[in-house]
Structures are given as C-alpha cells and as structure tokens.
Amino acid sequence: MPYENILVEERERVGLIRLNRPQALNALSDELVDELILVLERFDADERIQCMVLIGNEKAFAAGADIPMMAKFSYMDVYKGNFLTRNWDKLRLIRKPIIAAVAGYALGGGCELAMACDVVIAADDAKFGQPEIKLGIIPGAGGTQRLPRAVSKSKAMDLCLTGRMMDAEEAERAGLVSRVVPANQLLEEAMATAQKIASFSQPVLMMIKESINTAYETTLSEGIHFERRLFHTTFATEDQKEGMRAFLDKRPPSFIDR
Ligand code: HXC
C-alpha cells in the first residue's frame with residue numbers, strides 16, 4: 001500500500017519506517033500519524049517482523065505537530081474531533097519494540113513520539129525540546145508525563161517552561177536516550193540494534209516490553225509481581241527450552257517464536 005507521508009521497508013525481520021515530509025521538517029500532520037499507526041499495527045500483527053525502527057531524515061526526526069494545521073483549530077475542533085486521542089493513543093498498544101533513531105530536531109510532538117518509542121538512539125546532532133509554550137499551548141502527547149519520568153522533574157520543568165532545546169549529549173546524560181552515535185552511523189546502529197533484538201524469541205521480547213512498560217503504570221510491588229508472573233510464563237515457551245538447551249550444548253540458540 002502506498003503511503004504519502006512515510007516510507008516503509010522490511011529488512012529481514014525489522015520493519016523500517018521513515019517519516020517523510022522533508023519540506024515541513026517531518027511535522028506530524030494527522031495524515032502522517034494515521035499512516036504511521038497503520039503501518040506499526042501492520043508490522044505488529046506480522047509474525048515475520050520482530051522489531052520496528054522509526055527514523056526521520058538528517059535535519060529532523062520531527063519538528064512537532066503540524067503548526068499550520070493546528071493554527072486553524074478551534075476548541076470545538078480539537079475536542080469534538082478528538083485531536084491526538086484519535087490516533088496517538090494507539091501507539092501505546094503496539095506490543096513489539098520500536099526504536100526511535102533521532103537525528104536533527106525532535107521537538108514538541110516529535111520529542112513525544114521519540115519518548116513513546118521503546119529505545120531512543122540519538123545522532124550526535126540531535127536536538128530535543130518541548131517548545132509548545134512558545135506557541136501558547138502545552139505539550140499534548142505525553143510531554144509533561146513521559147519527560148519527567150525519563151529525565152527528572154527539574155529538567156522536564158526547565159525544558160517545558162523555557163521551550164529550550166537540549167542537545168544529544170545532555171539528553172544522554174539526563175537519561176532520555178539510550179546512546180549517542182555519530183550522525184552518519186545512525187541508521188546502521190539503529191538497524192544493528194533492531195537486528196540483535198530480532199534474533200531473540202518474539203514472545204519473550206514482547207513480554208520484556210510489556211513488563212518494563214508496567215513499571216511506569218504501577219507500584220513497585222505490583223510491578224515485581226507482574227514481572228514474576230511473566231517470568232514464570234517464559235518457562236511455558238519452547239524458546240526457553242531451546243535457549244537453555246543451546247547454552248548447555250555450547251551452540252547458538254535457534255528460536256521458533258513459541
Ligand atoms: C509545520 C513546520 C514545523 C511544524 C518547521 N516547519 N516546523 N511546519 N509544523 N511544526 C516548516 C517551516 O515552516 C519551514 O517551511 C520548514 O519546515 C523549514 O523550517 P525552518 O523554520 O525554515 O527551519 P529552521 O530555520 O532550520 O528552523 C528549524 C526549527 C523551526 C527550529 C525546528 O522550524 C521551528 O521552531 N519549528 C517549530 C517547532 C515547534 O514549535 N514544534 C512544536 C509544535 S507544537 P517553509 O514552507 O517556510 O519553508 C506540538 C504540539 C504537540 O508539537 C502536540 C502533540 C502532537
């Protein structure tokens with residue numbers, strides 16, 4: 001199926017999605033987000049795909065929600081049209097890991113999109129920020145919720161209240177990104193990470209995502225309990241038998257995703 005705002009390909013067991021509105025620094029129009037969700041749901045349901053990589057271009061991962069689109073909205077437009085809830089909430093339901101590979105600007109909704117992914121790898125020229133305050137709005141897709149969980153209350157306040165940008169080094173120090181790589185190696189590093197993840201058991205990597213995300217939704221004792229139940233569940237998989245047998249046989253495992 002042809003898409004107008006994204007480019008999609010499959011590389012072995014990894015689904016690669018490139019945001020593709022370069023003329024607007026990959027601003028997140030409703031159409032773009034709809035296409036993104038559609039393809040993520042497609043990959044999520046595809047047995048052959050283990051992991052997804054989401055990338056922009058050299059200049060921008062995404063410079064936020066589409067400002068000309070939002071400038072026309074009234075309160076009734078956003079409320080009755082269910083702006084953001086209509087499509088963004090579906091991102092949370094994707095069960096396979098998504099790696100955000102960020103080069104250039106990740107601002108506003110772009111930063112929120114990266115934070116909604118599971119691993120964030122940044123190019124050394126990446127810039128993160130929540131500049132909504134400059135437009136007279138607040139972050140609307142998790143910026144005030146995921147950012148303090150990812151960094152700290154103080155830095156989240158600093159970024160959201162001043163609208164300033166944070167470079168890749170600061171973002172790594174603050175814990176927003178898992179690693180920083182040279183800009184010209186971003187895609188390669190993200191794909192290598194995705195291929196590594198893809199080499200493991202599908203139900204097990206899905207359980208890890210589910211369990212880590214539970215850490216953000218619950219108390220420690222409930223989270224530990226949830227983890228324990230999933231841990232026990234892995235012993236019902238054929239891949240646990242294979243993984244441990246392979247270790248004992250001193251050979252690489254051959255997982256069958258069951
Ligand atoms: C639509 C955008 C855009 C955006 C940039 N462009 N950001 N179009 N929506 N969010 C367009 C510009 O209008 C311009 O188009 C082209 O992309 C290149 O941008 P320039 O400004 O010329 O580039 P530069 O001088 O390099 O500055 C880059 C920039 C700046 C610092 C990133 O573009 C900027 O501040 N953009 C807005 C960032 C922002 O406020 N994001 C938050 C949006 S609110 P033309 O046609 O003029 O060449 C938000 C709410 C989230 O995200 C709600 C949940 C989704």
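Reader: How does the shell around the ligand split by class into nonpolar, polar and charged residues?
Author: This is a predicted model. In it, the shell around the ligand holds 16 nonpolar, four polar and four charged residues.

Reader: Which residues are closest to the ligand?
Author: Lys59, Ala63, Ala65, Ile67 and Gly109 are the closest of the 24 residues that surround the ligand.

Reader: What does the side chain of Lys59 have 3.0 Å from an N or O atom?
Author: An oxygen atom of the ligand. Ala65 uses its backbone instead: one of its backbone N or O atoms lies 2.7 Å from an oxygen atom of the ligand. At Ile67, a polar backbone atom is 3.0 Å from a nitrogen atom of the ligand.

Reader: And how much of the ligand does the protein bury?
Author: The protein buries 64% of the 1,000 Å² that the ligand exposes when taken alone.

Reader: Which elements give two or more residues to that shell around the ligand?
Author: Helix 2 (67–71), strand 6 (105–107) and helix 4 (109–116). Helix 2 gives the most, with three residues.

Reader: New topic, pockets. How much space lies in the second largest pocket?
Author: About 600 Å³. Its lining has 27 residues, and Ala65, Met70, Glu132, Leu135 and Ile137 lie nearest the centre.

Reader: Which helix gives the most to that lining?
Author: Helix 2, with four residues. Helix 4 also supplies at least two.

Reader: What is the split into nonpolar, polar and charged there?
Author: The lining of the second largest pocket has 19 nonpolar, four polar and four charged residues.

Conventions: Residues are numbered from 1 along each chain as its sequence is written. This is a predicted model: local features need pLDDT of at least 70, side-chain atom pairs count only at pLDDT 80 or more; totals for chains, interfaces and linings use all residues. Side-chain values use heavy atoms; hydrogens and water are left out. A residue is near a molecule or strand if one of its heavy atoms lies within 4 Å of it. A polar contact is a pair of N or O atoms within 3.5 Å; within protein, one must be able to donate a hydrogen and the other to accept it, and residues adjacent in sequence count only if both atoms are side-chain atoms. Accessible areas come from the Shrake-Rupley method with a 1.4 Å probe; for residues, only the protein chains shown count as cover. Ala, Val, Leu, Ile, Met, Phe, Trp, Tyr, Cys and Pro count as nonpolar, Asp, Glu, Lys and Arg as charged, and the others, Gly among them, as polar. On a 1 Å grid over the protein atoms alone, a cavity is a set of points where a 1.4 Å probe fits but cannot get out, and a pocket is an open set with protein on both sides within 12 Å along at least five of seven lines; lining residues have an atom within 4 Å of a point. Grid points are joined across faces, edges and corners, and a volume is the space filled by probe spheres set on the points.
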